[in-house]
Amino acid sequence: QVRLVESGGGLVQPGGSLRLSCAASGIIFVRNTMAWYRQAPGKQRELVAVITPGGNTNYADSVKGRFTISRDNAKSMMYLQMNSLKPEDTAVFYCKAEFRSSPFSVAEYWGQGTQVTVFS
């Protein structure tokens, strides 16, 4: 059974920092591309950052220079270090795992989400 469990969300003031964690089980973590998404109230879920099995990363323009995604393959963990948080970063953050066994076959798994609230 695949499980992705996020943690580390909470309340923070603008300019503050949080570190999100995603614990994965039931997958061959090292073979999965991992990503953080977020969904603000009334908005669509959007990609925040992605990290490939090899450690290549990509970020949404809105978080570049502020957020850092990382992974620990030995522990099957993914992280999102969020600095200089802004009120517009308020959202539920989700962990996603993606395994592509072929160009036409993709398995995706999602966590339940963790709330991040940036208040002034």
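**View 1. One aromatic pair is counted in this predicted model**. Rings of Phe, Tyr and Trp (the six-membered ring of Trp) are taken as a pair if their centres lie within 6.5 Å, with planes under 30 degrees apart called stacked, over 60 edge-to-face and the rest tilted. The rings of Tyr-37 and Trp-110 have centres 4.9 Å apart and planes at 65°, so this pair is edge-to-face. The pair links distant parts of the chain, since Tyr-37 belongs to strand 4 (residues 33-39) and Trp-110 to strand 10 (residues 105-110), 73 residues apart. Strands here are DSSP runs (E, at least two residues), numbered from the N terminus. Tyr-37 counts as buried at 17% relative accessibility, whereas Trp-110, at 33%, counts as partly exposed; buried means under 20% relative accessible area, exposed over 50% and partly exposed in between, for a 1.4 Å probe and protein chains only.

Residues are numbered from 1 along each chain as its sequence is written. In this predicted model local features need pLDDT of at least 70, side-chain atom pairs count only at pLDDT 80 or more, and totals for chains, interfaces and linings use all residues, while side-chain values use heavy atoms, with hydrogens and water left out.

**View 2. Cys-22 and Cys-95 form the one disulfide of the structure**. A disulfide is assigned to a pair of cysteine sulfur atoms within 2.5 Å, and the sulfur atoms of Cys-22 and Cys-95 are 1.9 Å apart. The pair links distant parts of the chain, with Cys-22 in strand 3 (residues 18-25) and Cys-95 in strand 9 (residues 91-102), 73 residues apart. The angle about the S-S bond is -60°, and the link is left-handed; Cys-22 and Cys-95 are both buried.

**View 3. An open sheet of four strands has the order 1-3-8-7, with antiparallel pairing**. Strand 1 (3-7) and strand 7 (67-72) stand at the edges with a single partner strand each, so one side of each has no neighbour in the sheet. From one strand to the next, the twist averages 15°, the angles being taken from 0 to 180 degrees between N-to-C directions of axes fitted to C-alpha atoms. Two strands are said to pair if DSSP finds at least two bridges between them.

**View 4. Strand 8 pairs with strand 3 and with strand 7.** Six bridges join strand 3 to strand 8 in the antiparallel sense; within strand 8, Tyr-79 is the bridge partner of Ser-21 and Gln-81 stands opposite Arg-19. Strand 7 is likewise joined to strand 8 by six bridges, running antiparallel, with Ser-70 opposite Tyr-79. Strands 7 and 8 form a hairpin with four residues between them, and Ser-76 in the turn has a positive phi of about 55°. Five of the six residues of strand 8 are buried, so this strand is largely enclosed by the rest of the structure.

**View 5. Thr-90 lies in the loop between strand 8 (77-82) and strand 9**. The side chain of Thr-90 reaches the backbone oxygen of Pro-87 at 2.9 Å, and a polar atom of that side chain also lies 2.9 Å from the backbone nitrogen of Val-118. Not counting residues up to four places away in sequence, Thr-90 touches Ala-40, Pro-41, Gln-115, Val-116, Thr-117 and Val-118, a contact being heavy atoms within 4.5 Å.

Note on methods:
A polar contact is a pair of N or O atoms within 3.5 Å; within protein, one must be able to donate a hydrogen and the other to accept it, and residues adjacent in sequence count only if both atoms are side-chain atoms.
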